[in-house]
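I opened my notebook to look around a new chain. Come along and check each entry with me.

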Amino acid sequence: MSRVLSVASGPYAPPVPARTLTVVSADGARLHVEVHGPKGAPAVVLSHGWTCSTAFWAAQIRELARDHRVIAYDQRGHGRSPASPACTTDTLADDLEAVLAQTLESGEKALVVGHSMGGMTVMAAAGRARFREHAAAVLLCSTGSSRLVAESRVVPLRAGRARTWITGRILGSRAPLGPVTPLAKRVLKYGTMGAGSAPHMVEAAARIVHACPRAVRHAWAGVLASLDLDHGVRELRVPTAVVHGARDRLTPPVHARALAAALPHCVGLTELPGVGHMTPVEAPDPVTGSIRDLVTTYVTPDGVRPDTSGVPQQSHGTPVQQIKEGA
C-alpha cells in the first residue's frame, strides 16, 4: 500500500520477513503480520504504538531474528492493516489475542513486548485467556495506563486545565501531517524524542509516523484521551519489566513509576537518560538487550540461550536495573 513508508536503508530499514500472513480478529478486522527468524526458536511478539507500524521495530527485528522467532503485527489502521470503524481497547485486546492464537502453537510461550499504545494493548488483554496461555513475560516500553493527556508534557505549560485542553486538541487533531520536511522533523523530535536523538533516528521515526492516515491517527487519539486501564495493570500477573525514557514528554516517567508500583510481578524499571518516547528507535541496544534477557529468563527452557555459535553477539547489561537521570 502506498501509505506504508519507512527509510530504505540503514539500521531502521525494515528487514524482509521469513513469511507474512493475514490474521483475522474477532470482528473480522484483518491484520498484517510478519514472522522473522528460524522456526522453533524462542518467540517474541511485538506490538507497536499509536501512528507507528511494524517498521518501528526494525532495529530489534534485525538483531533478534538471528536466534528468535519474532512476530510483529500492524495495529488495525496502521501500516498494512486496513482501517476499522471499531477503535477501542477491547479491539486492541481482540487483535493481540488473534495474533497469538494464529502464530503460536497451543500452549507455546512467548515474550510479549508493547510500546506506547502497544503496551496499552497488553494491559487491555492481560485478563484474557489466550493472553495468559501464551505470555511468559512482558516488556512495557514508554507507556501508561491512564491520564495520558493530563500528564503529557508536550505543551510547555504548567499542569492544569489549560495544558490538558491544548494537549488534547493537538494530539487529537485531524490536520494532515504533510511531507517529512526539516520543520516536520523538528516538531516530531521535540514532541516524541530526546534532544540528543541522531538525525537518522528522527528521520526513521518521522517516515513511520507521517505514513499513518490522519483519520486513523484521530480515531485512536480519542481512545487514548479517555484511556483507563489501571485495572489491566493489576491483571498483568506475569513477570513484567518496564523501560522508559527519562525525557519522554508524551508519556512522562510518572507513568513508568506508577506501572512499576502497581504491577503484581514487576521485575525491573529502567529509565534511560536523555531518551524520549521512541525508546526502540532511540535506544535500540538497551531495548533489544532487555528483550534478550527476559527471553532467556522466562521463555527459553532452563534459562539457556539459543545456540548462536559462530554468530557475533553484543554484550548487554541486565534489564532489571534503574538508570535515573539527575534533576
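I began with the surface: the chain has an accessible surface of about 13,500 Å², and 55% of that belongs to carbon and sulfur atoms (Shrake-Rupley method, 1.4 Å probe).

I noted that this is a predicted model, where local features need pLDDT of at least 70, side-chain atom pairs count only at pLDDT 80 or more, and totals for chains, interfaces and linings use all residues. Residues are numbered from 1 along each chain as its sequence is written, and side-chain values use heavy atoms, with hydrogens and water left out.

Next I looked up the secondary structure and found 13 helices and 8 strands (DSSP runs numbered from the N terminus; helices are H or I with at least four residues, strands E with at least two).

Then I turned to two helices. H7 (residues 182-192) packs against H8 (residues 199-210) at an angle of about 95 degrees, with the axes 10 Å apart (axes are lines fitted to C-alpha atoms over the stretch in contact; angles run from 0 to 180 degrees between N-to-C directions). H7 is therefore roughly perpendicular to H8 (65 to 115 degrees).

My last stop was backbone angles. Ser116 has a positive phi of about 55 degrees, though it is not a glycine. I found Ser116 in the loop between strand E5 (110-115) and helix H3 (117-125). Is Ser116 buried or exposed? Ser116 is buried, because its relative accessible area is 8% (buried means under 20%, exposed over 50%, partly exposed in between; 1.4 Å probe, protein chains only).

Technical notes: Parallel < 35°, antiparallel > 145°, perpendicular 65-115°, else oblique.
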